Amino acid sequence: MASDQDLVVETVRDILSGAEPLLLDAERRWDERLWTALAEAGLTGVGVPEEAGGSGGELADAVAVVRTLAAGAGAVPVAEQLLVAAPALLAADLDLPAPDEPLTFAVADAVTAKPSDDGDGPGRWTLSGTATDVPWAGVARHVAVLAAAPAGIEGSVLALVDASGLEATSAANLAGEPRGSLVLDGVAASGALLRPEQAAAVRARYALARSVQLAAALEQVLAWTVQYAGERQQFGRPLAKFQAIQMELAEMAGEVTAVTAIVDAAVQGLERGSSELPLLAAAAKVRAGAAVEVVARLAHQVHGAIGFTQEYRLHHLTRRCWSWRDEAGNEATWSRFLGAGVLADGPDGLWGALTRLG
Amino acid sequence: MSSDALTLAPAPRSEAAEQVRVEVREFLAAERAAGTFTTHVDTWLSGVDPAFSRKLGERGWLGMTWPKEYGGHERTAMERYAVTEELLAAGAPVAAHWIADRQSGPNLLRYGTEAQRREILPKIAAGECFFVIGMSEPDSGSDLASIRTRATRDANGDWVVSGAKVWTSNAHHSHYGIVLVRTSPADPANRHAGLSQLLVDLSLPGISINPIRILDGGHHFNEVVFDDVVVPGDMLLGEEGAGWHQVTAELAFERSGPERFLSTYPLIAEFGRRAAATGDPAQLATLGRLSARLLALRQLSLRIAAALDRGELPNIAAALVKDVGTTFEADVVDEVRRVVDVPASLDSPDPLGRALAEAQLHAPGYTLRGGTNEILRGIVARGLGLR
């Protein structure tokens, strides 16, 4: 349904246009106006079925929304809501908050969930512990928390926590996006026990969401750098006419194209419900993270000193890329996971595993 | 950014390709069990085995996409992709037929006369006729338009060729070369004019083939010297003077396949066995990083195969994939040796040490052959609208 996605992308671009990305700081932690506009247009419920309160549409539509916002450095928790928290809650048969109330996601291995004794039934849990590096902590109204199951029970608990009454620390990532901690002190929440493979799929969704954002941001960084090289004159001609600059831009293009290909393949894996999703997401996250090294470094090199300032747009995306590659599991974590995963068929099964992944 | 030249639609899954993949795997397992071949790195350069090539021809795995009337099998580029990829991953001896199947055949199909096609294509598809590329010369590498090998018409209308070609892989095992020659004097105003391609039988009098050994001592490269060689007049390939255009199209075939990122795969396979045995986290992480890069390259290469099936000629995307892919091939050596304490040696008792040695000694070639990565990046830069 390419035409639907084109329409979605156009709508998001229209909303983004006219506003520069926000420079985030302790006072201005997100772009509330952007969120309101997106919510009013129904874009914070894309890919969520209408019967669950969403706007309908396919995964590909949600991916298109997330990509467009990532390329525009939109400071809103849409990737977390549309690609991770909402589908994970739905898959666990849990109710969703209204799509206009920002919903985020946290992997919280240091939070333990115990079945509640309040008589509300097996769907109620009590969460205790500290969730760290929570995206949009202090901004999001709700958090889907992937917590540790009680001792002796395999798997994890996915619980929907109302964060409105919780205090968040002010930690932020390199781009100023909130990544604070939430202290859960016996917080009651509805939740569901996930089997280990279900929990792994949720973690994979999170890694894939960041990979989708990275792919879009890296494409935009390349486009900005090509444009800048065409406009900036030195020694009487545009930078783009220098062979040294051409080599750098071509190297960036190679990285960006490779990232897009593997991220698309992982999204397709998610679409068809592939049991290999964790390995595909791992490959996407590792490849995207590796590309950030090259693309961000060369983009800044080509832009020169102006790109090193807050006055110029480049930092909105390069700082995000430097953080997104760390979040949801960095290259060290996912490359070990992928390395072990492709050997799951035994020492002679590597090629079979790689070709099965697509 | 004019990214259209660089972006390719995702490849649809091909059941036919997966089916033939299974058949090739079974064939390779049986051949390996029978001792027909042992796995080596970079076998599309070094693994010459005409008997093996004939077996592939018998199974219909050469000339796969060509019309049946010329001995082909009218299968898709995606199916051909699966076959070539399996052969490369296994490190099977495919060098004898590789050039003929990959680029000389398609070149003949596009530009050859009916007689040339009927005579030669069925033999290539049978695995009985091997080709060399006659492009580079001692004084002409990346600057291909500067070649000096000349062909002039004699009184009978035949071509008299003199000059020398270098780096001609496996000329000493091959039957024909497609040789780029200057058929009109060089015109400084149009350097690409006056070039033509000739189809040259390598057994003609006046041709001498002299070995050039590469770093591991292997004899794959040659210098091919043409000393007033008389080539029949009907062996012109395509149009006189259109050589530059034809050679550019030929290079697109040369640049788009899985051999541009799988040349060192047998080293990865050996390293994977080591990581499985040790369980060492650093080795697993390296294997994961290499796997992520390889999986991305596979997606890109599959997209190119799918684009070929749609009848497109994705020259710029192919240049980009070759740049990224061959860089990866060389990086594999560095990545692996950082996390294993195994000296690279062709005499190593450890198969990993031997694979490292083969991959290292072949490494300088990956980012040179078929167009240096600097040339490729120039093509990509054009695709980005920079030149």
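Predicted model: local features only at pLDDT ≥ 70, side-chain atom pairs only at ≥ 80, totals over all residues.

Colleague: Which residues of helix 1 of chain B are buried?

Modeller: They are A17(B), V20(B) and V24(B). Looking down the axis of helix 1 of chain B, you'd find these buried residues within an arc of 70°, so they line one face of the helix.

Colleague: Why do residues three or four places apart point the same way in an α-helix?

Modeller: An α-helix has 3.6 residues a turn, so residues with that spacing point the same way.

Colleague: And what does the face of helix 1 of chain B turned away from the buried side carry?

Modeller: Exposed residues: E15(B), Q19(B), V22(B), E26(B), A29(B), A30(B) and A33(B). On the buried side, the cover includes helix 4 (77-89) of chain B. After helix 1 of chain B comes G35(B), with a positive phi near 80°.

Colleague: How many residues of helix 4 of chain A are buried?

Modeller: 12 of its 14, so it's mostly covered, taking 20 or more other C-beta atoms within 10 Å as the cut-off for buried. Among them are V78(A), E80(A), Q81(A), L83(A) and P87(A). The buried residues of helix 4 of chain A pack against helix 2 (32-40), helix 3, strand 1, strand 3 (142-148), strand 4 and helix 5 (196-231) of chain A. Just past helix 4 of chain A, D93(A) has a positive phi of about 60°.

Colleague: What about domains? Where does chain A divide?

Modeller: Domain 1 of chain A covers 4-194 and domain 2 covers 198-357. Their centres, taken over C-alpha atoms, are separated by 23 Å. In the contact, 25 residues of domain 1 of chain A meet 23 residues of domain 2 of chain A. On the domain 1 side, the elements giving two or more residues are helix 3 (59-71), helix 4 (78-91), strand 1 (103-115) and strand 4 (156-162) of chain A. By class, that side has 20 nonpolar, 3 polar and 2 charged residues.

Colleague: How many residues does each chain bring to the contact between chain A and chain B?

Modeller: Chain B brings 37 and chain A brings 38. On the chain B side, helix 8 (265-278), helix 9 (281-309), helix 10 (315-339) and helix 12 (373-383) each give two or more residues. Helix 9 of chain B gives the most, with 16 residues. The chain B side splits into 24 nonpolar, 5 polar and 8 charged residues.

Colleague: Last one: I379(B), in helix 12 of chain B. Is that residue buried or exposed?

Modeller: I379(B) is buried, with 23 other C-beta atoms within 10 Å. Setting aside neighbours within four places in sequence, I379(B) is in contact with I316(B) and A319(B).

How values were computed
Residues numbered from 1 in each chain as written. Chains lettered and ligands numbered in written order. Helix = DSSP H or I, 4+ residues; strand = E, 2+ residues; numbered from the N terminus. Arc of directions from axis to C-beta. Contact = placed C-beta atoms within 7 Å. Nonpolar A, V, L, I, M, F, W, Y, C, P; charged D, E, K, R; others polar. Domains from an automatic or database assignment.
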